[in-house]
Amino acid sequence: MGRCALERGARTGQESGMAQAAGSGAAAGGAPGADAGRAALLDRLGRPLRSLRISVTDRCNLRCAYCMPEEAYTWLPREELLTFEEVARLVSVFTSLGVDRVRLTGGEPLLRQDLPELVRLLRRDARLTEVALTTNGVLLEEQLPGLLEAGLSRVTVSLDTLRPERFHALTRRNVHGRVLEGIAAVARAGLPGLKLDCVVVRGTNDDELDALLAFGQQVRAEVRFIEYMDVGGATRWAPGAVVSRAEMLERIGAHSGPITPVPTQSSAPAERFVLPDGTTFGIIASTTAPFCARCDRARLTADGTLFLCLYARQGVPLREALRSGAGPDVLARLVSSAWHRRDARGAEERLALIERQPLARREELREDPRLEMHTRGG
Ligand code: SAM
Ligand code: SF4
């Protein structure tokens with residue numbers, strides 16, 4: 001499925017002479033549909049640039065053991081964080097190059113003051129078919145009305161457990177009820193496409209797969225189980241803590257009966273499945289079955305650094321160019337030349353390692369906060 005998408009993208013690029021559109025219609029709020037039909041910008045492996053994850057803050061109100069396990073963090077300097085207007089200007093550059101989906105993430109994106117204002121700004125770009133949010137849900141109930149009014153398309157809430165005491169142990173905060181309230185608020189609002197993302201960690205929550213699937217049914221959300229990844233920030237990662245896609249399927253199948261794959265043409269990271277009772281769910285198997293071959297995603301940190309892979313050591317600094325007055329054409333050239341050079345296959349390279357350990361040591365993370373998962377947006 002992924003290969004088909006990739007081949008289609010590659011053909012489109014060849015027919016049209018590869019990348020184009022740099023700069024055209026790249027001002028925030030460009031004319032609706034101005035670039036409809038523009039060719040895909042392809043990287044060295046023929047992968048198009050289609051989606052952008054924007055981390056709007058590196059701060060978080062939880063301390064999930066698999067993401068932010070340390071006591072102290074080095075934060076991005078506040079004056080270096082992009083303003084919403086700057087984010088929107090950059091996004092319009094990305095949409096001029098083929099991006100049509102944006103996801104706001106973090107850290108915890110709802111900690112960024114007045115996030116609906118950013119959603120509103122992004123919604124002015126008619127080339128975006130979707131402005132989605134990934135959140136831990138703690139502040140969701142209170143902020144949902146403003147976000148919906150601003151035009152938010154979809155919400156994914158991270159939910160690793162249904163047990164309050166387990167949530168407290170995992171996140172070091174006693175706010176499980178607020179997460180559930182946030183999920184209930186989305187369900188009440190009837191916003192389609194609600195997803196619940198669950199990082200499965202052996203000995204922590206791997207006995208809750210069936211309960212989480214049943215909860216997803218109750219709130220009309222699709223649950224996606226994520227393999228524990230050895231990304232920056234995951235300093236407690238160990239191979240033994242990973243519950244593989246294969247093991248998850250075996251356990252779910254033993255409880256619920258035969259599992260059928262749901263075919264998809266999408267470049268989304270999750271493989272989808274359906275149970276005999278009609279329940280659908282996803283698995284994101286970045287650790288044991290990476291999807292690098294169909295990865296069409298760029299990542300922007302809150303300080304305007306572009307990363308082309310979750311595992312990349314180096315990013316492309318866009319903030320300085322932006323603040324020194326570079327126009328849309330110059331910024332588009334920076335992004336497109338980086339994407340042209342892209343040959344990253346971070347998760348596949350990690351899989352090929354004989355001995356696998358956490359990607360980064362604590363000291364490295366302190367020196368370079370951009371290596372952190374919570375800075376890159378997951
Ligand atoms: N704070 C928000 C949240 O938790 O949904 C958004 C940012 S968080 C970094 C984005 C996603 O990354 C979450 O779904 C989280 O569970 C996932 N994540 C963080 N560390 C991970 C790890 N080591 N392995 C797999 N997924 C991870
Ligand atoms: Fe947990 Fe998300 Fe915060 Fe990481 S950024 S600690 S995953 S809530």
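## Overview

The protein has 13 helices and twelve strands, where helices (H or I, at least four residues) and strands (E, at least two) are DSSP runs numbered from the N terminus. This is a predicted model, in which local features need pLDDT of at least 70, side-chain atom pairs count only at pLDDT 80 or more, and totals for chains, interfaces and linings use all residues. Residues are numbered from 1 along each chain as its sequence is written, while chains are lettered from A and ligands numbered from 1 in the order in which they are written.

Of the 378 residues, 46% count as buried. A residue is buried if 20 or more other C-beta atoms, placed from the backbone, lie within 10 Å of its own, exposed if 12 or fewer, and partly exposed in between. Among contacts with a separation of 6 or more, 76% join residues 24 or more positions apart; two residues are in contact if their C-beta atoms, placed from the backbone, lie within 7 Å.

## The sheet

Twelve strands form an open sheet with mixed pairing, in the order E7-E8-E9-E6-E5-E4-E3-E2-E1-E10-E11-E12. Two strands pair if DSSP finds at least two bridges between them. The edge strands, E7 (260-262) and E12 (316-317), each pair on one side only.

At the E7 end, E7 and E8 (residues 271-274) pair in the antiparallel sense over three bridges, with Val262 opposite Arg272. The pairing of E6 (residues 222-227) with E9 (residues 280-284) is parallel, over four bridges.

Ile226 lies in strand E6, and its bridge partner in E9 is Ile284. Ile226 counts as buried because it has 23 C-beta neighbours inside 10 Å. Residues up to four places away in sequence aside, Ile226 touches Asp197, Cys198, Val199, Val200 and Ile284. Pro269 is 43 residues from Ile226 in sequence, with 9.9 Å between their C-alpha atoms.

Val335 belongs to helix H10 (residues 328-341) and counts as buried, with 25 C-beta neighbours inside 10 Å. Beyond its neighbours within four places in sequence, Val335 is in contact with Val93, Phe94, Leu97 and Leu306. Val335 and Pro317 are 18 residues apart in sequence and 10.0 Å apart from C-alpha to C-alpha.

## Helix H6

Helix H6 (residues 176-189) has 14 residues and reaches 20 Å from its first C-alpha to its last, close to the 20 Å expected at 1.5 Å a residue. The expected span is 1.5 Å times one less than the number of residues. The buried residues of H6 are His176, Val179, Gly182, Ile183 and Val186. Seen down the helix axis, these buried residues fall within an arc of 125°, so they line one face of H6; the arc is that of the directions from the helix axis to the C-beta atoms. An α-helix has 3.6 residues a turn, so residues three or four places apart point the same way.

The buried residues of H6 pack against helix H4 (140-150), strand E4 (154-158) and helix H5 (164-171). The face turned away from the buried side carries the exposed residues Gly177 and Arg188. After H6 comes Gly190, whose phi is positive, near 75°.

Arg172, in the loop between H5 and H6, has a positive phi of about 60° although it is not a glycine. Arg172 is partly exposed, with 14 other C-beta atoms within 10 Å. Arg220 is not a glycine either and has a positive phi of about 55°. Arg220 is found in the loop between helix H7 (209-218) and E6 and is exposed, with 12 other C-beta atoms within 10 Å.

## Ligand surroundings

A residue is near a molecule if its C-beta atom, placed from the backbone, lies within 6 Å of it. Of the 21 residues around ligand 1, Cys67, Ser158, Met229, Ala234 and Gly378 come nearest. Strand E3 (130-135), strand E5 (195-200) and helix H13 (373-376) are the elements that give two or more residues to this shell. By class, the shell around ligand 1 has ten nonpolar, nine polar and two charged residues. Ala, Val, Leu, Ile, Met, Phe, Trp, Tyr, Cys and Pro count as nonpolar, Asp, Glu, Lys and Arg as charged, and the others, Gly among them, as polar.

The residues around ligand 2 include Cys60, Cys64, Cys67, Glu108, Ser158 and His374. The shell around ligand 2 has five nonpolar, five polar and two charged residues.
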